[in-house]
Each structure stands twice: as C-alpha cells, then as structure tokens.
Amino acid sequence: IVALKRVRLDDDDEGVPSSALREICLLKELKHKNIVRLHDVLHSDKKLTLVFEFCDQDLKKYFDSCNGDLDPEIVKSFMYQLLKGLAFCHSRNVLHRDLKPQNLLINRNGELKLADFGLARAFGIPVRCYSAEVVTLWYRPPDVLFGAKLYSTSIDMWSAGCIFAGNCSQKGSTGGGNEVSEGQQGTRGWGRGEGTEEQWPTMSKLPDYKPYPMYPATASLLNVVPKLNTTGRDLLQNLLKCNPVQRVSADEALQHAYFADFCPP
C-alpha cells in the first residue's frame, strides 16, 4: 500500500511547479526512518504523481483522536523522532520551513515521519536571502514574522517547539486569523519577556518589526503546559527563544535531560 500525491500540470504553466521539483529533488537525497520515503515519480502530460510510503494519519488527526490528551511517553517519543528527522535534514543542509502537525505523519507502529517538503530548500555558503513568506503563521518564529530573510536551522526549531507545546496542551497549537493576531498569540504563549533589545539586540532592525505586547501572566510555561515536567519545560524554553541565535539545535535538543530516560524503539 502506498500514498499518491498528484500534481496537476496546467497547459499554461511552464513545466512542473517549483514546489514539486524541490520536494522531489530533496526527498531523493533524504533517506531516513523519520522522513517520509519517496518511492517513485510518475510523469504524464497532464499530471505528476509522487509515490510515497503509506502512513495511517498525521499528527493533528492523531491528536484529535485522543481528544488532545496524549500520554507523556507518547509526546516524548514523537518529539524525539521529530528531532531525529530534523537533525538529519539539517546535517544535509536542508531547511523544512513548514513544520506543523499536518505535515508530520504517523504510521501504525507509532513512527513519526517528516513530510511535505514543498517549501523546503537547501542552504549553505555563500549565504543567500530567503523568503520570509514561509511556515504556517501559527508556527512561524518571531524573527521571520518580523521579515528576517537571513535565517538558518533555527526557523525549524521554533516550529518544533510550538508542536511540542501543542502536544502537551489539550488546546493544541493550531491557530486562525490574520498575521498580526496569530503573531501575538505566539507571543502570548511563548514570549516570556524575551522580546527586548537586551535579549535580542537586532530585533528592532528587522524590516517588519513592530513593538508587541508581552503577557507575563500567561507567559509561564507551567501555565501553558502544566502536564510537562521540569526538564520538558526547560527543553521547550530553549526551543522557543525569541532570539534565533539562542535557540537550541536539533542535535543539542536530542542530548537534553528530557530524553535521559527515553529508550528509542
């Protein structure tokens, strides 16, 4: 059993869409147990069919099926697998740039796999400016929300932190509304007083920077994720640093004390 992703090729378009080409090229190189496997690509005049390994559901559907009440060990396992997949991508100089529960697939064996690499891209030297119109708003880091076009692996780490927090909260972490309201919601949950010149010296120099309010009453991670233990909250805090330079890397996160008692399957 496989999963098919069909891409229509309109007569007016000039060949295959760039997002599909990018996904095909990157997934051909990314062979890892926590990254969805691309088996084949079938091409005809009117459509392109990508043949993927089959997974039963995505993380959002899994979350909803549990009524938002995930077992702490399941949360830990999913987070570990997400970080393993990210660490592999980043070691191969690939940014995902669209991490969210809908793009994380779960199979019947409880294996989590990164999927949908349509916005992903390779990075490296020389440094290039990238688009700031990436990452679903609810999972977009504040530096990119403020228009930063020079970014690296930290963009994915913020998204991973949002997913981690969502898995530990019965409310989840999917949002709605416009860019300003969603950006402020992210700040409300994760800002923790870090949006200052002292903590983040280059913040006000970003092209779309606007002063934003802090919410000290709701900023406590204990209030946001009450089911998460002390080491888990410490990991979350290090993933959700407003200053991208201070965000923990995927490799560093895998060595965190939160996973000290975790035995990968």
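Student: Is Asn67 buried or exposed in this predicted model?
Tutor: The model is predicted. Asn67 sits in the loop between H2 and H3. Phi of Asn67 is near 55 degrees, a positive value in a residue that is not glycine. Its relative accessibility is 64%, and the cut-off for this class is over 50%, so Asn67 counts as exposed.

Student: Where is Asp116, which also has a positive phi?
Tutor: Asp116 has a phi of about 55 degrees although it is not a glycine. Its relative accessible area is 29%, which makes Asp116 partly exposed. As for its place, Asp116 is in the loop between S7 and strand S8 (121-122).

Student: Among contacts between residues at least 6 apart in sequence, what share joins residues at least 24 apart?
Tutor: Such a contact may link separate elements, as when Val75 and other residues in H3 meet Asp156 and other residues in H5. Counted over the protein, among contacts between residues at least 6 apart, the share that joins residues at least 24 apart is 69%.

Student: Are H3 and H5 roughly parallel or roughly antiparallel to each other?
Tutor: The axes of helix H3 (residues 72-91) and helix H5 (residues 154-167) come within 10 Å. They cross at roughly 170 degrees. Angles over 145 degrees fall in one class, and H3 and H5 are therefore roughly antiparallel.

Student: How do the residues of the contact of H3 with H5 divide into nonpolar, polar and charged?
Tutor: From H3, the contact takes in Val75, Met79, Leu82, Leu83, Leu86 and His90. From H5, it takes in Asp156, Met157, Ala160, Ile163, Phe164 and Asn167. The residues divide into nine nonpolar, two polar and one charged.

Student: Which residues does Asn167 touch, leaving out those up to four places away in sequence?
Tutor: Asn167 is in helix H5. Asn167 is buried, with a relative accessible area of 6%. The C-alpha atoms of Asn167 and Leu228 are separated by 9.8 Å, although the two residues are 61 apart along the chain. With residues up to four places away left out, Asn167 touches Leu59, Phe63, Leu70 and Val75.

Student: How many salt bridges does the structure hold?
Tutor: One of them joins Lys227 and Asp69, with the closest N and O atoms 3.2 Å apart. Another is formed by the side chains of Asp56 and Arg108, at 3.5 Å from N to O. The structure holds eight.

Student: How many residues apart in sequence are the parts tied together by Glu23 and Lys5?
Tutor: Glu23 and Lys5 form a salt bridge, the closest N and O atoms being 2.8 Å apart. Glu23 is buried at a relative accessible area of 3%, whereas Lys5 is partly exposed at 30%. Since Glu23 lies in helix H1 (residues 18-29) and Lys5 in strand S1 (residues 2-8), the distance in sequence between the parts they tie together is 18 residues.

Student: How many residues apart are Asp56 and Arg108?
Tutor: Asp56 is partly exposed, at 35% relative accessible area, and Arg108 is exposed, at 71%. Asp56 is in the loop between strand S3 (47-53) and strand S4 (57-58). Arg108 is in the loop between strand S6 (104-106) and strand S7 (112-114), and the separation is 52 residues.

Student: Which residues do salt bridges that share partners join into one network?
Tutor: One of these bridges is the one between Glu23 and Lys5. Through shared partners, the network consists of Lys5, Glu23 and Asp116.

Student: Which residues does Val41 touch, leaving out those up to four places away in sequence?
Tutor: Val41 lies in strand S2 (residues 38-43) and counts as partly exposed at 24% relative accessibility. The C-alpha atoms of Val41 and Ile24, 17 residues apart along the chain, are separated by 8.1 Å. With residues up to four places away left out, Val41 touches Ile24, Leu48 and Thr49.

Technical notes:
Residues are numbered from 1 along each chain as its sequence is written. This is a predicted model: local features need pLDDT of at least 70, side-chain atom pairs count only at pLDDT 80 or more; totals for chains, interfaces and linings use all residues. Side-chain values use heavy atoms; hydrogens and water are left out. Axes are lines fitted to C-alpha atoms, for helices over the stretch in contact, and angles run from 0 to 180 degrees between N-to-C directions. Helices (H or I, at least four residues) and strands (E, at least two) are DSSP runs, numbered from the N terminus. Angles under 35 degrees count as roughly parallel, over 145 as roughly antiparallel, 65 to 115 as roughly perpendicular and the rest as oblique. Contact means heavy atoms within 4.5 Å. Ala, Val, Leu, Ile, Met, Phe, Trp, Tyr, Cys and Pro count as nonpolar, Asp, Glu, Lys and Arg as charged, and the others, Gly among them, as polar. A salt bridge is a side-chain nitrogen of Lys or Arg within 4 Å of a carboxyl oxygen of Asp or Glu. Buried means under 20% relative accessible area, exposed over 50%, partly exposed in between (1.4 Å probe, protein chains only).
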